[in-house]
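Biologist: I have just opened this one and would like a slow walk through it. Could you show it to me before we start?

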Amino acid sequence: MANSLMHIDPFRDLTRFDPLRDIDDLFRNLAGPTWRAEQAPRMRMDVSETEQQYLVKAELPGVQKEDIKVSIHGNQVSLSAEVKNERNADAGSSGGNLRSERYYGLVQRSFTLPQEVDDDQAEARYENGVLSLTLPKKMGTGGKQLAIQ
């Protein structure tokens with residue numbers, strides 16, 4: 001038992017003055033789970049390309065079709081969706097939430113494609129929490145190769 005006792009020196013902190021000794025604890029606390037839980041979730045997506053079009057699939061679980069906005073300006077594509085908090089009819093009853101980890105609010109994402117999109121021919125479908133975009137490439141905007149003389 002004598003080997004498991006720890007010697008306590010009450011003056012140790014006074015003899016070694018280190019103004020930055022608690023800085024590691026500060027950064028460790030900032031990176032903890034409570035810091036990450038408050039951030040809005042990222043919209044996960046896949047972008048693929050064929051010769052004629054770009055195909056985009058974005059995960060938007062829990063979003064109504066009416067709350068999704070897609071805008072196209074040249075080769076810039078922006079997606080935004082509002083996740084709304086559904087209220088239960090029995091919210092006023094004696095039982096309340098013990099824990100809520102779901103996110104409610106606005107989620108948005110923008111990205112730039114290598115070639116302009118023909119926004120007149122673009123299509124969007126939303127099914128089972130996945131937004132699928134078919135974005136045809138605009139013809140004639142691929143640039144021109146110059147012959148060197």
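**Confidence and salt bridges**

Modeller: The protein chain has an average pLDDT of 78, and 62% of the residues score at least 70, where pLDDT is the predictor's confidence in each residue, from 0 to 100. This is a predicted model, in which local features need pLDDT of at least 70 and side-chain atom pairs count only at pLDDT 80 or more, while totals for chains, interfaces and linings use all residues. Residues are numbered from 1 along each chain as its sequence is written, and side-chain values use heavy atoms, with hydrogens and water left out.

Biologist: Which residue does K137 meet in a salt bridge?

Modeller: K137 pairs with E49, with 2.5 Å from N to O. The two are 88 residues apart and link distant parts of the chain, since E49 lies in strand β1 (residues 45–49) and K137 in the segment after β7 (130–136). Strands here are DSSP runs of E with at least two residues, and helices are runs of H or I with at least four, numbered from the N terminus.

Biologist: Is K137 buried or exposed?

Modeller: K137 counts as buried because its relative accessibility is 9%, whereas E49, at 48%, counts as partly exposed. Buried means under 20% relative accessible area, exposed over 50%, and partly exposed in between, using a 1.4 Å probe and protein chains only.

Biologist: And what does D67 form a salt bridge with?

Modeller: D67 bridges to K84, the closest N and O atoms being 3.5 Å apart. This pair also links distant parts of the chain, 17 residues apart, with D67 in the loop between β2 (53–59) and β3 (68–73) and K84 in the loop between β4 (76–83) and β5 (105–112). D67 is buried at 15%, while K84 is partly exposed at 45%.

Biologist: Changing topic, where is T134 found, and what does it touch?

Modeller: T134 sits in strand β7 and is buried, because its relative accessible area is 15%. Leaving aside residues up to four places away in sequence, T134 touches Q53, Y54, L55, Q121, A122, E123 and R125.

Biologist: How far apart are E123 and R125 in their salt bridge?

Modeller: Their closest N and O atoms are 3.7 Å apart; E123 is partly exposed at 46%, and R125 is partly exposed at 45%.

Conventions. A salt bridge is a side-chain nitrogen of Lys or Arg within 4 Å of a carboxyl oxygen of Asp or Glu. Contact means heavy atoms within 4.5 Å.
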